[in-house]
Structure formats: structure tokens, C-alpha cells
Amino acid sequence: MDRELYGREAVLEPAGLTARLTGLTPYSFTPVPYEHPDDPPVTVFTGGRGMGKTALLKQIRNAYRGGTPLALLDCAHIEPPADHGPGWNPLTGALAELAVQLAPRIHSAKTVQFPRLSLGLVAVASIGWSQEDDERARRDLQRLGPVLATVDATKGAAATWVTKVLAKLAASAAESTAPLAGLLAEATVETVLEEVFGRFQQKSDAWYGSYRNAGGRGKAGLQQLAIDFEQGGRRRTEAEDFLVGALVEDLGRAYTGLTRRGTRRGRPLVLLDNAHLPLGRRLVEPLLRERATGRRDQIVVMASSRVRDHAGLRHATRLRLPETAHRAPCPRGADITSGILAVELTPLSPAHTQRAFDRHDPAGRTPAELARAAHRLTGGRPLGVTLLSRAAGQAPARLRPTLTPGALLDLTVELREDTPPRPVAATLLGELLPGLRPDPLAVLAAAHDEDSARTLARTRLRGESPDGDLVLRVRDLLHADDWPSGPRHFVGDPLLRALLLHRLRFHDADHPAYTAWRAVHETLHGLYGPDPGPYRLHQDLALGRTEDAVTRLRLDFPQPDITGWLGRLTFIASAPHPREQHRAAADPRRAVALGQDVPELPPGVEEDAAELHLCLRRLLHAVWLLTDPLALPDDDVVERMAHELRQLSGRHRTGSSPLWDAATHWPKDIRAWRDLTVPPGSEDGA
């Protein structure tokens with residue numbers, strides 16, 4: 001079933017990128033002019049986890065299934081068959097899978113046959129066989145049945161040819177002293193040609209006559225291919241490249257001349273997910289090398305790469321997704337990678353996020369600003385938008401009017417009707433960090449930089465990394481998945497950091513002590529002591545203590561550098577709020593910001609400083625609430641923040657202008673969903 005892919009129209013529209021490359025519109029398969037008629041580029045969609053690469057490739061598959069030969073392969077999940085011989089590796093397994101997917105009859109043409117690829121795979125499969133273990137040969141041959149069935153469905157699916165191959169192998173091996181790999185390959189190929197291939201395919205082996213040392217003799221080329229594959233190293237790479245060429249050749253032959261039902265329309269489509277992995281390069285680079293020499297084919301390869309700056313993309317033409325809606329030039333240069341069009345998947349817009357929330361909450365029972373706040377939290381990452389919008393639509397009716405982004409993370413969501421609901425935060429975190437243990441990362445997410453992360457690793461994560469520096473290992477793992485670092489946080493992405501901190505606080509269900517959370521932030525608090533600087537006060541807020549921060553802001557307020565003072569205020573107030581899970585009541589910071597919660601003054605605060613102290617307390621809580629990515633904006637708090645800043649402007653002898661500007665520009669920043677600008681107004685163009 002198709003799902004709506006917001007913001008991906010440039011790829012899937014009737015005149016979008018895929019249509020212009022394949023020559024066919026999605027779903028209806030109406031012919032359209034080719035944008036690259038003679039030399040289609042390899043298109044690589046780039047973007048980090050959760051940016052919708054896999055979903056986009058699946059949607060392309062759904063849109064073109066039945067209209068053109070098509071295959072979708074995940075380069076990260078080529079499962080090895082049980083007890084396979086040395087003739088199987090991820091590349092040969094991938095080629096077999098691609099052939100089987102590309103073969104079926106489509107809307108306007110018969111099946112695609114893969115005789116050349118079949119012979120090559122049969123030849124290399126034979127290198128692990130022996131007279132003493134014909135059962136392995138039987139298993140390997142039977143696994144190749146689906147590929148051979150593309151040549152002749154009846155004969156390829158039968159078992160008689162396997163028995164005859166085994167008999168010929170036994171006789172040949174007993175009579176010859178030739179190298180075993182080449183001998184077995186020759187005997188296997190001969191039997192397959194006789195037993196499976198019809199008279200129109202029996203000369204397919206001639207294509208291998210151009211292989212190394214073949215001298216124009218196809219069977220000699222197949223023998224050498226098997227020997228090279230067995231040898232490994234550079235020779236195996238040459239053999240593998242030739243096998244990729246066999247797939248391309250077979251697919252090209254299907255488009256030569258007329259089929260029984262007329263000329264094929266459009267181009268075949270090969271979709272490769274996770275193509276940044278070694279298997280992806282081994283499949284794509286032989287194709288690019290042949291194209292760079294002037295040999296042309298009509299295969300449309302569309303792939304995904306989690307790494308934007310992958311070495312395989314060094315000379316690619318780079319465009320952002322919206323730029324490809326009507327035209328996607330890709331001039332070819334001298335380097336083979338110039339034949340790649342790297343398309344960066346851009347985040348969803350706020351409008352797309354609103355559409356997603358409207359789809360799951362058509363009655364509008366959730367807060368009006370929830371979709372925009374969820375967009376701020378996720379950064380428009382499609383996976384996050386999709387999961388949070390679905391959670392909002394499934395939330396209990398009594399909770400919907402009070403939902404915040406933080407409350408969405410606390411919910412469960414039903415992803416499929418046949419599976420129980422799953423926790424939103426844990427599900428999203430598992431999708432963004434697959435295969436990694438989240439608990440050590442949750443501890444390190446509280447850190448500001450590598451030094452503070454190393455302190456946490458040393459004190460809270462002993463034994464987690466016996467083979468080296470845990471912090472550097474985690475840093476490299478995050479960078480490998482294209483997660484950014486930030487100037488203020490060890491984990492720079494706001495969504496990933498929020499999810500990890502959510503786990504740190506709630507995963508052990510230790511209410512009300514929250515021992516893990518408290519231990520981590522107390523460790524950082526001690527690291528930055530004893531002077532109450534911004535980092536130490538930031539940790540105070542994460543622990544729910546605000547008085548030291550208010551006192552320090554009051555004592556520093558008379559200093560002439562009021563812009564620096566505003567910067568310290570915003571940094572301190574960027575601390576994660578130690579909120580309670582499943583809390584339906586209003587955020588406690590709101591009452592303080594609005595002056596509804598008046599505490600006792602600290603000892604020693606004289607009367608003339610009391611008013612300033614309370615003003616700064618209200619301002620700190622207002623900024624803390626309004627900049628929290630897990631909270632919703634509050635107009636009353638915005639107005640009170642502006643009021644407090646204007647009052648402070650009148651109290652400061654030399655810095656009244658920055659404070660007045662903050663009263664003007666910070667509400668604009670909040671309403672435009674921007675970070676607070678320091679100096680005020682420096683980034684909003686006002």
C-alpha cells in the first residue's frame with residue numbers, strides 16, 4: 001500500500017525526475033520525453049537516517065511495478081544461504097536476486113531472460129565442488145534454479161538438469177587432470193547449455209569470449225572466470241565486474257529489436273538501497289566504468305546513500321531535491337563518478353508537516369501549534385514527522401487538547417494492525433540508531449563536548465569500551481551515519497539528542513528519583529564547579545534547581561557587556577527540562593514566568609535587589625519554556641518575556657539598547673520558530 005510521501009513530488013510527479021529518466025509516467029506508464037536520451041546518470045539520493053530514502057525507493061517501485069522491468073535491492077541485507085559454497089558472495093547473491101526481480105513479464109512485453117548471467121553464476125558456483133561432496137553441488141545448483149528459470153521457466157525449475165550436471169561432473173573429474181575449478185566450470189556450463197537453454201540461447205556463452213585469456217572462445221572465458229573468482233583479490237574483482245556486465249548485457253538484449261508483442265517502452269529500473277556500502281559500489285562502479293568508455297546502456301539506476309560526502313560521489317553533480325522537479329542536468333567529465341547525479345533529500349517543510357498532522361487528526365483536536373512544534377523538534381526529518389503525526393492521531397481523546405512534542409514522545413503508537421502499540425520515543429530512536437546500544441549514547445547525550453563526554457564515560461560508563469576511547473568511537477559512529485556535531489552539544493541533532501535524553505530520564509522507570517538522570521547531570525555539575533559559570537548553571541536547571549542561576553544573572557546584570565549577558569542567559573536556559581512523564585497539568589515553568597508562583601527570596605537579598613531578582617526569575621523561566629523543543633509556545637509567556645526585557649532595559653545604565661532590542665526581536669524569533677538571536681535581531685533581517 002502506498003503512503004503519502006510529503007515533499008517528494010519532484011521525484012514522483014508525472015513529469016518528475018523518475019518519469020524523465022525512465023521515459024514513463026508513474027502508475028499509468030504513459031511515454032514522456034527522456035531528459036538524458038543517450039546517457040542516463042546513476043541517481044543517488046543522499047540524506048541521513050530518517051530522511052525517507054528507503055520509503056522513496058519503495059514508492060518508486062510501487063509506482064513502476066508492472067510497467068517496466070524493475071528490481072529493488074537493499075545492499076545492507078543480502079542474506080547468505082545456509083551452508084553455501086565459496087562460489088557465493090554478496091555480489092553473486094545480489095546479481096541473482098536482481099535478475100529474478102527484473103525477469104517477470106510486464107504490461108507490454110514478455111519476460112527478460114538472463115542467459116549470460118546464468119552461465120557466469122553457474123561457472124563461479126562450481127569452484128567449491130568436489131567428487132566427495134556432491135551434495136554441496138546439488139544445493140548450489142538448486143539455488144541457481146530461479147535465475148535459470150528466467151531462460152526457461154519449465155526446465156530451470158525442474159530438477160532433472162541438476163542430476164545430469166552432477167553425473168557429468170563425476171565423469172569429467174575422473175578422466176581429467178586439468179585444474180579443478182576450470183574443469184568443473186566447463187562441465188557444468190556444457191550441461192546447462194544442453195539441458196536448460198533453447199537453441200536461441202545456446203550461443204550465449206560466446207559473450208565470455210572477450211574475457212581475459214579467452215581468445216574469443218566463450219567456454220574458455222567461463223573457465224577463466226571461475227579460476228579468477230577462486231583466486232580472489234584483484235582477479236576476483238575482474239570476474240565480478242564481468243558478471244555485472246553480463247547482467248547489463250542480458251538486460252540490454254531484451255531491448256534490442258522487437259519483442260513478440262512489440263517494442264519495449266521506457267527503460268528498466270534498478271533501485272539500490274544503502275548503496276554507500278561496499279556492495280553498492282561493487283554493483284554500480286563497473287557500470288560507470290563502461291559508460292565512461294563510451295559504452296552506453298539504458299538502465300536507470302536510482303540508489304540511496306546515507307553518507308553525503310562518500311568517496312564514490314567525489315565528482316558527482318550535486319542538486320537538492322526541489323531543483324530536480326523540471327530539469328536535472330548531469331554533465332559527464334573525465335572521472336567515472338561524474339556519471340552520478342547526487343540528489344540531496346531536503347527536510348519536509350512546515351506545510352508538509354501540517355498536512356501530515358491534518359491527515360491523522362482531521363478534526364483538529366490537537367493544539368493548533370503542535371504540528372509546527374513537531375517540525376521544530378524533528379527538523380522536518382520525514383521519519384520523525386510521520387511517527388509523531390500518527391501518534392497524535394492515535395492519542396486518547398482526553399489527552400489531545402494538551403499534547404506537546406514531549407507528550408508525543410511519551411505515547412505509544414500502532415504501526416500495524418497485527419502488532420501491539422509501541423513506545424514512540426523508543427521506536428523512533430531504534431530507527432535512527434539501528435544496531436547500536438542506546439543506553440551509553442543516552443549518557444553521552446548530556447555532554448557539551450568531547451571533554452565532558454569523556455568525563456561521563458570515565459565515571460558513568462566504566463567497562464563499556466575495553467578496546468579504546470568510547471567517546472571517539474561513539475563520535476565516529478555518529479559521523480558515519482551523518483549525524484552532525486554541534487557547538488554546544490556532543491550530540492548535535494536536536495531530535496536525536498531529545499530522544500536520547502528522554503531515554504536517560506525515563507527508561508529505568510525510576511520515578512520520582514530518576515537516579516540515572518540525576519547522576520549524569522550531577523557529574524557534569526561537579527565538572528564545571530565550583531564557580532557558578534554558565535555550564536554549571538545549565539546543569540543546575542537540568543536538575544531542577546534555578547536559584548543559583550537567577551542569583552548569578554542578577555549579580556552579573558550591572559556589567560557593561562549586556563549582549564554577553566543575554567548570550568549566557570540563553571545558554572543557561574537551553575538546559576533540558578527535568579519534566580515528568582505523562583504529565584497532563586500545565587508546565588510548571590509557565591506559572592513562574594507569569595509571576596503566579598512567588599517564592600521566598602534567598603537570604604541576604606536586599607530590598608532594592610529583590611525586584612530585579614524576581615524579574616530575572618520570571619525571565620529565565622520564560623526563556624527556558626519558550627525555547628524548549630519539547631514544549632509549545634505560549635503567547636502569554638511571550639508577552640511577559642517582552643515586558644520583563646523592557647523593564648530591564650530601563651534599569652541598565654549602559655546596555656538598555658540590546659535589552660530593548662531583545663524585547664522587540666525575541667518575540668519575533670519565537671513566533672518564527674527560530675533560535676533566539678544574540679545580538680537581538682542579528683539573523684532575522686529586521
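Q: What makes strand β2 (residues 70-74) largely enclosed by the rest of the structure?
A: The reason is that 4 of its 5 residues are buried, where buried means under 20% relative accessible area, exposed means over 50% and partly exposed lies in between, with a 1.4 Å probe and protein chains only. Strands here are DSSP runs of E with at least two residues, and helices are runs of H or I with at least four, numbered from the N terminus.

Q: What kind of model do these values come from?
A: This is a predicted model, in which local features need pLDDT of at least 70 and side-chain atom pairs count only at pLDDT 80 or more, while totals for chains, interfaces and linings use all residues. Residues are numbered from 1 along each chain as its sequence is written, and side-chain values use heavy atoms, with hydrogens and water left out.

Q: How do you know that β2 and strand β3 (residues 269-273) pair?
A: Pairing requires at least two DSSP bridges between two strands, and β2 and β3 have 5, in the parallel sense. Within β3, Val270 is the bridge partner of Ala71.

Q: Why are β2 and β5 (317-320) called edge strands?
A: The open sheet has 6 strands in the order β2-β3-β4-β1-β6-β5, with parallel pairing. Both β2 and β5 pair on one side only. From one strand to the next, the twist averages 20°. For β5, the pairing consists of 4 bridges to strand β6 (residues 340-344), running parallel, and Leu319 has Val343 as its bridge partner in β6.

Q: How do you know that helix α3 (residues 53-64) packs on the sheet?
A: Contact means heavy atoms within 4.5 Å, and α3 touches β1, β2, β3 and β4. The direction of α3 makes about 160° with that of β3; axes are lines fitted to C-alpha atoms, for helices over the stretch in contact, and angles run from 0 to 180 degrees between N-to-C directions. Helix α4 (residues 90-102) also packs on the sheet, touching β2 and β3, at about 150° to the direction of β2.

Q: What makes a set of residues a nonpolar core?
A: Its members are buried Ala, Val, Leu, Ile, Met, Phe, Trp, Tyr and Cys residues joined through side-chain atoms within 4.5 Å. The largest such core has 73 residues, of which Phe114, Tyr208, Leu225, Leu272 and Leu283 touch the most other members. Helix α12 (residues 233-253) gives the most to this core, with 8 residues. Another core, of 58 residues, lies apart from it and includes Leu456 and Phe506.

Q: Why is the contact of Asp39 with Arg296 called a salt bridge?
A: A salt bridge needs a side-chain nitrogen of Lys or Arg within 4 Å of a carboxyl oxygen of Asp or Glu. The closest N and O atoms of Asp39 and Arg296 are 3.8 Å apart, so the pair qualifies. Asp39 sits in the loop between α2 (17-22) and β1 (42-46), and Arg296 in the loop between α13 (278-292) and β4 (300-305), so the bridge ties together parts 257 residues apart in sequence.

Q: Is Asp228 buried or exposed?
A: Asp228 has a relative accessible area of 0%, so it is buried. Its salt-bridge partner is Arg212, at 2.6 Å from N to O, and Arg212 counts as partly exposed at 26% relative accessibility.
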